[in-house]
Amino acid sequence: SRKLLGQEARRKTKHQTLDRQVLELVTFTGCEHLKRASRLSQVLRCHGKIFKHSAGSAATYELSAPVETIDAFISHNWSVPRHYKFLTLVCYFNFDRAVIVMVVFSVTLGIVTAGGWLPVVPEKHYPWGVCGRVLWAPVFAVLLFYGRELPFAACSGRAVFLDKTCIHQEDKDIMRQSIERLGAFLSHSDRMLIVYTDVYLQKLWTVYEVAAFLSLHSSDRMTVIPVICPAVFFIALLLGWVRNILILVVNIFFASNVLLYVFTTISSCFLLRSLRRWARDRDAIGTRLQNFTVRRCMCTCEEDRPVVYRNIAALMRETLPHMVLTDDDEALEAFDALVRTDLPLAFSSSLGKTFMPYKYVAAFFASTELPCMLDLLVGTPGGMPIRDTVRWVLYYLPLALSIYPLALISTERMTRCFLHLRGWRELVWVLVGFVLLVALPTYFVVGVILAILWRMALESDIAMLLLAVIDIFLLLAAFVVFAEPCRWRRRATDDDVAANIVGSSTRAEAEARA
């Protein structure tokens, strides 16, 4: 309540200086009933069924209700398949609580297995469990998909804006009022979540949404999630689970690891292809923004285009008060310049410098390595020496939290190089670069340095200490490499935009002369 009062006071102070036209765009004055939001649980229900198509009704409008504030504004395109949006939303909203529950689940599973209530594989020295590798990834996926259903999942009650549920799709009068007040929805939203695909910056409404949001908020409140990232995360989670099952089967029934090597090679090829694709998509974002013009944006309903243009012009006159914008055409040119100047920095800041944030990368590798460690530690009550227990922990933890994440970011950096290559030249570069720059250094660290110290630590305290020191160093290195710089908060000055407009006019004149 005190937080809401403070937010409302800040909004009122901010809006006191706005002219009347802009005030109507960014506030709900006189039409407070339009300020609505849906509960996150409603949006994610039935695997995001609400995203199946854009057609709405009075029933979908009833999925929203009047609210005091909106926790998140979901910006997306209806041309994107619903499963991509569902995966993106569950990763963003359910991830942190799923990790917390998995920590509790892992401890409980280890205790129950060590107590003899779950099956173990008897070995010559001490037994080891099987349930960690079998259950860890599926339980984690279920928590991500259905975490909002947990009794303590406060995220399920979050108020989010979704156009289909918060704008009436049948009552044309309410629809028109809500569309005209889209800036007000953005102004009253604490955060903006962008479900990004290559069409996002080609659609008129979504470009207007992100530009308007950055005019009203700092960019650290905007989160851009390319749909490829959650999709790759869940596919990699599945592949990691299959790999663990194969390790279990090979250890029990076979003496050869050929099948495991073949599967690992196939999984690595999938990862390389995904990273290469994302490298090109990311490069295309910058190119698309540098050549942006609002008049080229597509609009599903052309009747909405004059409304958006009018709103953009009013917003530009307020955002750039020292520039003389005599008509809407000049205001639209200023908007083009603002997008070219501000959005590349904002998108780069939100996307970060890695394919995925560290928490997602660490969670994926934890789902492949920590279950193996958990199954091995089950042997501690069965006679495994404490020294062996410490050795296994010092071996598996750096694999999950530092070595493999660092290998992934090295792979990503490698796949960003020589994007002009195509066909067999690209294939040769990606494969040779991966083997020489990633696979061999990783094998040297894991298969040589850590393996030797791990064996020596069985009897040597110095080796055990060195192993711990190297683990700490690698963990710090991972944190440094994945650490994001301070989020960009600067908005373009009038001189920046004016210079961009002059540059655009010069390019246009040159093209006309040509």
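Trainee: At what angle do helix 11 and helix 15 pack, and how far apart are their axes?
Mentor: Two packed helices are described by the angle between their axes and the distance between the axes. Here helix 11 (residues 228-253) and helix 15 (residues 358-377) pack at about 10°, with axes 10 Å apart. That makes helix 11 roughly parallel to helix 15. Angles under 35 degrees count as roughly parallel, over 145 as roughly antiparallel, 65 to 115 as roughly perpendicular and the rest as oblique. The axes are lines fitted to C-alpha atoms, for helices over the stretch in contact, and angles run from 0 to 180 degrees between N-to-C directions. Helices are DSSP runs of H or I with at least four residues, strands are E runs of at least two, and both are numbered from the N terminus.

Trainee: Which residues make the contact between helix 11 and helix 15?
Mentor: Contact means heavy atoms within 4.5 Å. On helix 11 the residues include Phe233, Leu237 and Arg243, and on helix 15 they include Tyr360, Phe364 and Ser367.

Trainee: What should I know about the model itself?
Mentor: This is a predicted model, where local features need pLDDT of at least 70 and side-chain atom pairs count only at pLDDT 80 or more, while totals for chains, interfaces and linings use all residues. Residues are numbered from 1 along each chain as its sequence is written, and side-chain values use heavy atoms, leaving out hydrogens and water.

Trainee: How are helix 13 and helix 14 oriented to each other?
Mentor: Helix 13 (residues 305-319) and helix 14 (residues 328-351) pack at about 75°, with axes 8 Å apart. They are therefore roughly perpendicular to each other. Among the residues in contact are Tyr309 and Met316 of helix 13, and Phe335 and Leu338 of helix 14.

Trainee: Is phenylalanine 140 buried or exposed?
Mentor: Buried means under 20% relative accessible area, exposed over 50%, and partly exposed in between (1.4 Å probe, protein chains only). Phenylalanine 140, in helix 6 (residues 131-146), has 2% relative accessibility and counts as buried. Leaving aside residues up to four places away in sequence, phenylalanine 140 touches Phe95, Ala98, Val99, Met102, Phe233, Leu237 and Ala363. Its C-alpha atom is 8.3 Å from that of serine 367, 227 residues apart along the chain.

Trainee: And where is leucine 436?
Mentor: Leucine 436 lies in helix 17 (residues 423-456). With a relative accessible area of 52%, leucine 436 is exposed.

Trainee: How many helices and strands are there in the protein?
Mentor: The protein has 19 helices and eight strands. Of its 514 residues, 51% are buried.
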